[in-house]
Structure formats: structure tokens, C-alpha cells
Amino acid sequence: NSEDIAFQIAPRLNAAGRLEDASIALEFFTATDVNTAHKQFEKLNALNELRKETELQTTKDATKEVITNNEDKIIVVAKENWHEGVVGIVAARLVSAFDKPAIVLNINNGIAKGSARSIGDVNIYELIKENAKYLNKFGGHKMAAGLGLNENNIDEFRKNINICTKKIDKKDFIPKNESIGILESQMLDLDLLDLLDKFEPYGEGNTKPLFFMKNAEILELKLFGKDKSHSKIIVRQFSHERKSIELILFKQIFVIPQNKPLTCDYRVSKNEFNNKISI
């Protein structure tokens with residue numbers, strides 16, 4: 001389904017172009033024998049693992065940089081030796097973490113190049129265009145853009161793009177994830193998964209339904225993954241229910257609030273492991 005493509009297949013193919021050369025993916029697709037295909041697949045796998053490590057470290061570094069300028073409406077962070085192939089992903093991670101548009105730049109020999117990602121109804125392309133005098137090049141659309149500028153223009157660019165946000169309505173910065181309602185916990189079953197499958201493929205223009213959970217009680221927290229960077233949060237949605245719900249938060253270490261309530265949006269997905277299907 002679309003989730004398999006988005007999380008299993010596409011990242012491996014994209015890793016080639018991001019970190020090395022897209023021809024590796026092309027040679028995998030056009031292989032005329034299994035040995036050649038397997039060899040290219042192993043390369044794609046290795047590059048994808050490297051991409052994940054590089055992305056994780058860059059996200060950590062960029063997050064530290066954001067905290068020093070946390071009053072800005074638009075995040076602009078730049079550093080030497082950030083890999084250009086992952087700055088777009090890192091920008092998306094910052095948007096998710098801080099609920100602000102983000103621009104992440106890699107600096108090399110005095111030239112900064114990078115990517116921008118937006119949120120809600122903020123047109124990041126128009127904001128970048130308004131500050132074109134600081135840039136060497138730029139291009140993109142409302143929600144994402146690429147840009148290049150001289151290192152010595154970064155501070156002025158950051159300052160002025162944030163000045164330009166003053167005319168934007170605060171409501172435009174609100175993320176557009178609209179949940180369709182609260183589900184009773186017992187409705188989270190295989191019948192619901194079958195129903196959701198009928199509306200595939202999900203993606204741009206047909207987003208997977210988002211549900212809402214309010215003041216659920218956190219029963220347990222487990223960290224998992226090779227570097228314990230993912231969180232599994234087990235909650236009871238309503239006090240009268242016996243059934244618990246397992247929430248997964250990827251690439252974030254969740255901190256349990258003092259009184260253990262959790263309000264969040266979530267999507268329902270199928271997990272297949274050892275020939276067992278769970279929700």
C-alpha cells in the first residue's frame with residue numbers, strides 16, 4: 001500500500017540521489033539478472049542506513065541551533081558540513097517539532113544551500129521571493145522551496161524574512177491536520193483497517209484519516225529501536241474502558257507529563273510482524 005511505498009521503498013530509492021548518485025537506483029530497476037539487482041539493492045540499503053544516521057545527527061544539531069533563536073516565526077539555521085541531501089528532511093522534522101516553517105542550510109566554501117518547508121497556510125515561496133535580494137537562487141512552491149545564498153547574507157536574510165511574517169495572520173501558522181473525531185477504543189479493530197484499506201492510495205490530496213484523543217491516561221512508556229529513539233506510549237482513552245491503545249511516536253523520545261494525561265491526533269495503521277497483524 002501507499003505506506004509501504006512511503007516508508008519502505010521510496011526512502012531506499014531516494015537515498016541514492018540524496019547521498020551518492022541516483023544511477024544506483026536506476027541500475028537496480030534495470031538489472032537483467034538477480035545478482036546485479038541484489039548487489040544494487042544492498043548498496044541502496046546501506047545508503048538508506050547512512051541517510052538515517054546523517055539525518056538524525058543533523059536534526060539534533062539543527063534543534064540546538066533553533067533553541068538559540070526560538071523567538072523567530074520562521075526558523076533559519078545554517079552550519080558547515082550538514083549534508084545537502086538531508087537538509088529538506090531535517091527542515092520537515094523541525095516544522096513538526098516546533099510548529100513553524102523551517103529553512104535549513106548547509107555552508108560550503110562561503111556558499112549556503114538548502115531547503116525550506118512550510119506549515120498551515122504560510123506561503124514559504126512568496127516569503128523567500130520577497131527577500132530575493134539576499135539570494136543567489138531560489139525556486140519552489142507554497143509548501144517547499146530550495147535556495148542558495150552567500151554565507152555573509154544569512155543573518156540579514158533570517159532577520160528580514162521574519163520581519164515579513166508580521167503581516168501574516170496568526171491563524172495561517174496553525175497546522176492543517178484536521179481530525180475527523182473521537183473513536184471508541186473498541187472500534188480500533190481489523191474491520192476498521194479493512195475499511196481504511198478501501199480508500200487507498202493515501203497521500204497528497206487523499207490524506208489518511210486523523211482521529212482525536214483527549215486526556216487519555218498514560219499507562220506505560222517504552223523506548224525502542226537501535227538507539228532507543230522511538231517511543232511506544234500505552235494509554236487508556238476513557239477511564240471506564242479496559243482496553244488500552246498502543247501509540248507509536250517515531251524519531252522522538254516522549255516525556256511523560258506529571259499527571260499523565262495525553263491529548264493528541266493519531267492515525268490507524270496495520271503492523272505485520274512474524275505473520276501476525278496488529279493495529
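Residues are classed here by relative accessible area, with buried meaning under 20%, exposed over 50% and partly exposed in between (1.4 Å probe, protein chains only). The model is predicted, and local features are reported at pLDDT of at least 70, side-chain atom pairs count only at pLDDT 80 or more, and totals for chains, interfaces and linings use all residues. Residues are numbered from 1 along each chain as its sequence is written, and side-chain values rest on heavy atoms, without hydrogens and water.

With a relative accessibility of 45%, Leu-190 counts as partly exposed; this residue belongs to helix 7 (residues 190-197), where helices are DSSP runs of H or I with at least four residues and strands are runs of E with at least two, both numbered from the N terminus. Together with Ile-277 and Ile-279, Leu-190 forms a nonpolar surface patch that has about 250 Å² of accessible area.

Most residues other than glycine have a negative phi, and most peptide bonds are trans. Against this background, a cis peptide bond, with omega at about 0°, links Glu-200 to Pro-201, and Pro-201 is located in the loop between helix 7 and strand 6 (211-224).

Positive phi values are found at two asparagines. For Asn-81, in the loop that lies between strand 1 (75-80) and helix 4 (87-98), phi is near 70°, and this residue counts as exposed because its relative accessibility is 75%. For Asn-109, in the loop between strand 2 (102-108) and strand 3 (111-117), phi is about 50°, and a relative accessible area of 74% makes Asn-109 exposed.

Note on methods: Patch = residues over 30% accessible without salt bridge, like charges linked within 9 Å, V, L, I, M, F, W, Y side chains within 5 Å. Areas by Shrake-Rupley, 256 points an atom, 1.4 Å probe, with all protein chains shown as cover. Salt bridge = Lys/Arg side-chain N within 4 Å of Asp/Glu carboxyl O.
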